[in-house]
Amino acid sequence: KETEEVFKVKKSSYSKKIVKQLKKEYKEDLEKSKVRTEVNSPTDVEPPLDKTGQIKDIGQEDGTENSEHGEEEMEVESEKEEEKPKAGGAFSSALSSLNVLRPGEIPDAAFIHAARKKRQMARELGDFTPVDSEPGKGRLVREDENDASDDEDDDEKRRIVFTVKEKSQRQKIAEEIGIEGSDDEALVAGEQDEELSRWEQEQIRKGINIPQACIYQPAEVNNLYYQNTYQTLSYGSSYGIPYTYAAYGSSEAKSQKTDNTVPFKTPSNEMTPVTIDLVKKQLKDRLDSMKELHKANRQQYEKHQQSREDSTKAIERLEGSSGGIGEQYKFLQEMRGYVQDLLECFSEKVPLINELESAMHQLYKQRASRLVQRRQDDIKDESSEFSSHSNKALMAPNLESFGRDRVIYQEQVKRRTAEREARRARRRQAREQTGKMADHLEGLSSDDEETSTDITNFNMERDRILKESSKVFEDVLESFYSIDCIKSQFEAWRSKYFASYKDAYIGLCLPKLFNPLIRLQLLIWTPLEGKCRDFETMLWFESLLFYGCEEQEQVKDDADISLLPTIVERVVLPKLTVISENIWDPFSTTQTSRMVAIVQKLVDGYPSVVNAENKNTQMLLKALLLRMRRTLDDDVFMPLYPKNILENKNSGPYLFFQRQFWSSVKLLGNFLQWYGILSNKTLQELSIDGLLNRYILMAFQNSEYGEDSIKKAQSVIACFPKQWFANLKGDKTISQLENFCRYLVHLADTIYRNSIGCSDVEKRNAREHIKQVIKLLASIRALDHAVTVANDHNVKELKILIEGK
C-alpha cells in the first residue's frame with residue numbers, strides 16, 4: 001500500500017521549477033555518495049527519501065514516476081564507463097552480483113552498468129513499456145522556495161531517452177480513420193488517461209516486490225542521512241533495484257508525518273537465558289492463576305447449583321398449588337359471568353318492579369284519600385246543617401254559603417247524609433251484637449267502611465297488579481330470580497374463597513342485589529291491615545336469616561352479619577315511609593296501633609334503625625310528623641254552640657258536638673301512642689299545644705260543669721304517658737298543661753258554687769267531684785293547684801288523695 005501511495009502521484013502536478021531543483025539536489029547527493037564510497041563507508045549512506053518519507057525508486061524509466069535522481073546517476077555512470085576500459089569479466093561479475101548486494105551497500109560503477117544493461121534488455125524483450133510524458137511532470141519532487149531555478153532546456157538535454165515512444169492503440173485507430181492527434185483534444189486527453197492508467201498499473205505491479213523499510217528519526221539533527229536496516233531479499237526477485245534514495249534536510253520534509261509507514265524493528269539474536277527458577281516461577285504463577293480460576297468457577301458452580309435447587313423447589317411448590325389456583329380462577333370466571341348476567345337481568349326487570357310498586361301504592365293511597373275526603377265532607381255537612389243561616393244565604397236563596405248551586409248541593413248532602421247514617425246504624429248494630437254498646441261513645445269509632453263498589457274495584461285492581469308481578473320473571477331462569485339460588489351462589493363463593501369474597505365487598509353489595517326481589521314480595525304488604533303478614537315470617541326473611549352464619553369462626557367486621565338489618569333498613573323502612581305518608585290515617589286507632597307496633601318492633605330488634613344518622617329512619621319519622629300535622633290542620637273541627645242549644649242532649653247539635661269532642665280525644669290518644677318513638681318535645685307540641693289547648697279546652701269551656709266534664713277530663717288525662725310526670729321535681733307540672741290545670745281548678749270552684757243551696761245529697765256529690773278534681777291534678781303532678789283546691793274547699797284528705805292518685 002505504501003508503494004502504491006508513492007506511485008499514485010501524477011506527473012502533471014509538478015512544475016518545471018521543482019524538477020530542476022530536484023535534479024540539482026540529486027547531483028549533490030550523488031557526489032556525497034561517491035565520497036562515501038571512496039572512504040569505504042557504505043553503511044553511512046542511507047537511501048534517499050521523497051516528501052512523504054518513502055524510499056525513492058531509481059529503477060523507474062523516463063516518462064513515468066521514476067525520479068530524476070535515477071536518471072542523473074545512470075548518466076554519470078555511463079560517462080565513467082566510457083573512460084574505463086570495457087572488460088567482459090567485470091561486467092559478468094557485476095551482473096552476477098546483482099542478487100547478492102546487501103541492503104544499505106552502495107553499488108559500484110560496474111553494478112550500475114550491469115543494471116542498465118539488464119533494464120535495456122528487458123525493454124527490448126517487451127517486458128517494460130515506457131510512457132511518454134511532458135517534461136517536468138510525473139516526478140517525485142520536493143519543493144524548496146529558497147533554491148534558484150535553471151533553464152528548462154538544460155533539463156531536456158540531460159534527459160536520457162531509452163527507447164522510441166510507441167504509439168498507443170487509440171492513436172493507431174485514430175490514424176487509420178484519418179483523425180490527427182494534434183487536432184483532436186479529446187483524443188489526446190483519452191490517450192493520456194489510458195497511458196497514465198497503464199503506467200500506474202505497471203508501477204503498482206513492480207512496487208509490490210519492493211521491500212518495505214521503517215524510517216527512524218536521526219539521533220542527531222546535524223546528520224543529513226541516517227542508516228536504515230532493510231529486509232534481506234534477493235535481487236533476483238524483481239527487475240527493479242531493491243532500494244531507493246531520497247533527499248533529506250528540507251524543513252517541510254521534517255514536519256510531515258509518517259502515519260502510513262509500518263515500523264520495522266531490527267531483528268536481534270539475543271534472548272533471555274532460561275533457568276530452572278524462571279521455569280518454576282512461571283509454572284507457579286500459572287498454577288496460582290489456574291487455582292484462582294478454579295475457585296471462581298467453583299463458586300459460580302455452587303451458585304448455579306443453589307439456583308437450580310431453588311428453581312426446583314419453586315416449580316414443585318407452584319405445581320402443587322396450581323390446581324387450586326386454576327379451580328379458583330375457573331370459579332371466579334364463572335361467578336363473573338353469572339353476576340354480569342344477573343345485573344343485566346335486573347337492569348331490565350327493576351323498572352317493571354318499580355312501576356308495579358308505584359301502582360300498588362297509588363291504589364292504597366286513593367282508597368285512604370277517599371275515606372279521608374268522605375269524613376271531611378260529613379263534618380262540613382253536619383256543621384252547615386246545625387249552624388245558623390248567614391246573611392249571604394238569605395240574599396241568594398238558590399246558593400249555599402260557598403256560592404254553589406243549592407239544589408245540587410242539597411241533593412249531594414242528602415245522599416251523603418243517608419250513607420253516613422246507614423254506616424252508623426250498621427256500626428251500632430254490630431256493637432249491640434258484641435255487647436260493647438254501653439261503653440261506647442259517639443266519635444270514638446272510625447268511619448272506614450267502604451261500599452261494595454269501592455271494594456270490588458279495589459280488589460280487581462290489586463289482583464291485576466299481582467298478576468302482572470307474577471309475570472315479571474316468567475321468561476327468566478330460576479337461578480336469576482330465586483333468592484335461594486342467588487344466595488347459594490354467593491354462599492359457595494364465601495365458603496371456598498373467602499379472601500376474594502371479602503376483597504370484592506360482596507357483603508355490602510348483597511342488600512342492594514336482593515332489594516328488587518324483596519320489594520316484589522312486599523308488593524301487597526301493608527301493616528295497617530289486620531290480615532297483613534309479618535315480614536319476619538316471609539320466605540325471603542327465612543332464607544336470608546342464617547346467611548353467613550356458618551360453624552366456622554366469625555371474622556371481625558363481617559358485613560354478612562348485618563345483612564338482614566341492612567335489608568330491613570333499605571327495603572322495609574322506605575315502604576313504611578310511603579305508607580305513613582299516603583295511607584295511614586291518624587284518626588284511626590286501629591291503624592295507628594298497628595303502625596306504632598311495626599315501628600316499635602323495628603326500633604327494638606334492628607340496631608341500624610335506631611341510629612340517628614340513618615337517613616331512612618329520619619325520612620320515616622319526618623313522614624309521620626308531616627302526616628300528623630296535616631291531620632291536625634285539615635281534619636280536626638270543634639263546633640261552638642250556645643249552652644241553651646246544648647241543653648237538649650237529644651238534639652243534632654249536641655250529638656255533633658259530642659262526636660267531635662270525643663274524636664279529638666281519640667286523636668290525642670293516637671298521637672300519644674308514639675311515646676318512646678318520637679321525642680317528648682315533639683309529642684307535647686303536637687298533642688298538648690296543637691290539640692288539647694287549641695280544640696279540646698275550647699270544648700270543655702262549652703260543656704256542663706259537672707260529672708260529664710270530670711269524665712271527659714279523666715279521659716284526656718288517661719291519654720298522657722305517666723313517664724312525663726314520674727321524674728318531675730317540685731310541685732308544678734309541665735308548662736304546656738298549665739291551662740288545663742287552671743280549667744280543673746275552675747271546674748272545682750264551679751261545682752262548689754252550683755252546690756250552694758242544694759240538698760245534702762247534692763252537696764255530698766259536689767264534694768266528691770271536688771275530690772276527683774284534686775286527684776286529677778295530683779295525677780299530672782300539679783300539686784300546687786291540688787293544694788289550692790283542697791284549702792279552698794276544706795278538703796282534709798289531701799295526703800290520701802295525692803298518694804291514691
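How are α18 and α21 oriented to each other, roughly parallel or roughly antiparallel? Here are some notes on that and a few other features.

1. First, the basis. This is a predicted model, with residues numbered from 1 along each chain as its sequence is written, local features needing pLDDT of at least 70, side-chain atom pairs counting only at pLDDT 80 or more, and totals for chains, interfaces and linings using all residues. Side-chain values use heavy atoms, leaving out hydrogens and water.

2. Confidence comes next. The chain has a mean pLDDT of 75 (the predictor's confidence in each residue, from 0 to 100), and 68% of its residues reach 70 or more. Residues 5-14 fall below 50, yet this stretch has 36 contacts (heavy atoms within 4.5 Å) beyond near neighbours in sequence. Residues 179-184 stay under 50 as well, with five contacts beyond four places in sequence.

3. Now the opening question. Helix α18 (residues 563-582) and helix α21 (residues 615-634) have axes that come within 8 Å and cross at roughly 10 degrees, so the two are roughly parallel to each other. Among the residues making this contact are E569, R570 and L573 of α18 and R627 and R630 of α21. By class, the contact has seven nonpolar, four polar and five charged residues.

4. On terms: helices are DSSP runs of H or I with at least four residues, strands runs of E with at least two, numbered from the N terminus. Axes are lines fitted to C-alpha atoms, for helices over the stretch in contact, and angles run from 0 to 180 degrees between N-to-C directions. Under 35 degrees counts as roughly parallel, over 145 as roughly antiparallel, 65 to 115 as roughly perpendicular and the rest as oblique.

5. Helix α25 (residues 707-719) packs with helix α27 (residues 738-755) at about 160 degrees, the axes 11 Å apart; they are therefore roughly antiparallel to each other. From α25 the contact takes S709, I710, A713, V716 and I717, and from α27 F740, Y743, L744, L747 and I751.

6. Finally, the rings: the structure holds 21 aromatic pairs (Phe, Tyr or six-membered Trp rings with centres within 6.5 Å; planes under 30 degrees apart are stacked, over 60 edge-to-face, the rest tilted). One of them, F331 with Y497, is tilted, at 5.5 Å centre to centre and 50 degrees between the planes. F331 lies in helix α10 (residues 276-386) and Y497 in the loop between α14 (483-496) and α15 (498-503), so the pair ties together parts 166 residues apart in sequence.

Definitions and conventions. Ala, Val, Leu, Ile, Met, Phe, Trp, Tyr, Cys and Pro count as nonpolar, Asp, Glu, Lys and Arg as charged, and the others, Gly among them, as polar.
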